[in-house]
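Here are a few notes to go with the model, written for someone opening it for the first time. Have a look at the ligand, then read on.

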Amino acid sequence: MLRSKAYRLFGILLALVFITGCTGAAEETADPGLLLGFSQIGSESAWRIGNTRDIERSAEEYGVSLMFENANQSQENQIDAIRRFIAYKVDVIAFSPIVEDGWDNVLLEAKDAGIPVILVDRDIKTEIDGLTTCLIGADFYNEGVMAAQYLIRKADELGLENVNIVEITGTENSTPMEQRQAGFADTIADDPRMHILESIDGDFITSRGAECMRYLLETYGEDIDVVYSHNDEMTLGALPEIEKTNMVPGKDIIIISIDAGQEAIDVLKEGRINCVVECTPNLGDELMETALRLKNGEEVEAVIHPVEQIFSDEMDVSAIEPRGY
Ligand code: GZL
């Protein structure tokens, strides 16, 4: 009796060792995890730097191996980076396209290589279906709408009968530039008080924002009632140019910006600008979760928009929490 029990126990132990051994072997060949290639536009703004920081943080937290390349504002560098990701056989490619056109060839190469592509932040224009799987980024059109809705409320509050607007736009042919411009223009279109004197390309950078503001002040001077700037860097470049005149920004000229980085919130609190629409750079977690779903062969949403808010002189700005970018 005892002998048969011993044999049974031995058999069970042997089976356990075998299963564990097999499982151990399975673990050794387990999925090494996701390898994600990401091409970033550059480091042109606090928003962009915050976006990069959040993607790196999220990759670390999700255990994703990140191949990160900074294109320094060059579409050619982004295309080269995507080709390197293809050659390296990454699991998923993600990128923030600096402009909307010119991606078909390289994305067809990624498609032929069987590598799914995620758009982060900005979109592309193409006639070819299936080049990308998902767009994770802000609803830029709505940001333009929110900016215009604030201006309409402000004009009502001040009893303005005529509102002359100058617009400093982001990079021409980029999604945020085109949609922020369209959302704003469509929203003021039926308001007879609103007139856009001129729109000028500030390329999302501080120095160009200053140059644009200098030109606009020389051209329109005290006729300017509103500056609508597509991002904080250009706004922060424009402010000192206005302050060289006898006009006070935030009082004589209504200033509306977009991104809501810390520096913009600081000048909002100082009363030097009147409104800043949030465009969150924190897209890392949505990117990692979507990339992991694609690697596992799961369906993903076509568009993922983060929730965004507006900060303005209509609220207690002293209560605005630190922005983190
Ligand atoms: C918006 C992003 C824009 C920011 C700018 O999602 O594409 O690019 O508004 C940045 O600050 O340069």
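**Around the ligand**

1. Start with the two domains: domain 1 (32–138 + 281–307) and domain 2 (140–279) each give at least three residues to the shell around the ligand. Bear in mind that this is a predicted model.

2. Who sits around the ligand? The shell counts 13 residues, and the ones that come nearest are Glu44, Asp121, Arg122, Asn231 and Asp259. By type, the shell splits into six charged residues, five nonpolar and two polar.

3. Now the polar side chains. Arg122 has a side-chain N or O atom 2.7 Å from an oxygen atom of the ligand. For Ser45, a side-chain N or O atom is 3.0 Å from a ligand oxygen. Arg48 also places a polar side-chain atom 3.0 Å from an oxygen atom of the ligand.

4. How much of the ligand's accessible area does the protein cover? On its own the ligand has 320 Å² of accessible area, and the protein covers 100% of that.

5. As for where to look, the ligand sits in the largest cavity. Helix 2 (46–62) and helix 6 (175–188) are the elements that give two or more residues to the shell around the ligand.

Note on methods
Residues numbered from 1 in each chain as written. Predicted model: local features only at pLDDT ≥ 70, side-chain atom pairs only at ≥ 80, totals over all residues. Heavy atoms only, no water. Near = heavy atom within 4 Å. Polar contact = N/O pair within 3.5 Å; in protein donor to acceptor, adjacent residues only side chain to side chain. Areas by Shrake-Rupley, 256 points an atom, 1.4 Å probe, with all protein chains shown as cover. 1 Å grid on protein atoms, 1.4 Å probe; cavity = no way out; pocket = protein on both sides within 12 Å on 5 of 7 lines; lining within 4 Å. Sits in = over half its atoms within 2 Å of the grid points. Helix = DSSP H or I, 4+ residues; strand = E, 2+ residues; numbered from the N terminus. Nonpolar A, V, L, I, M, F, W, Y, C, P; charged D, E, K, R; others polar. Domains from an automatic or database assignment.
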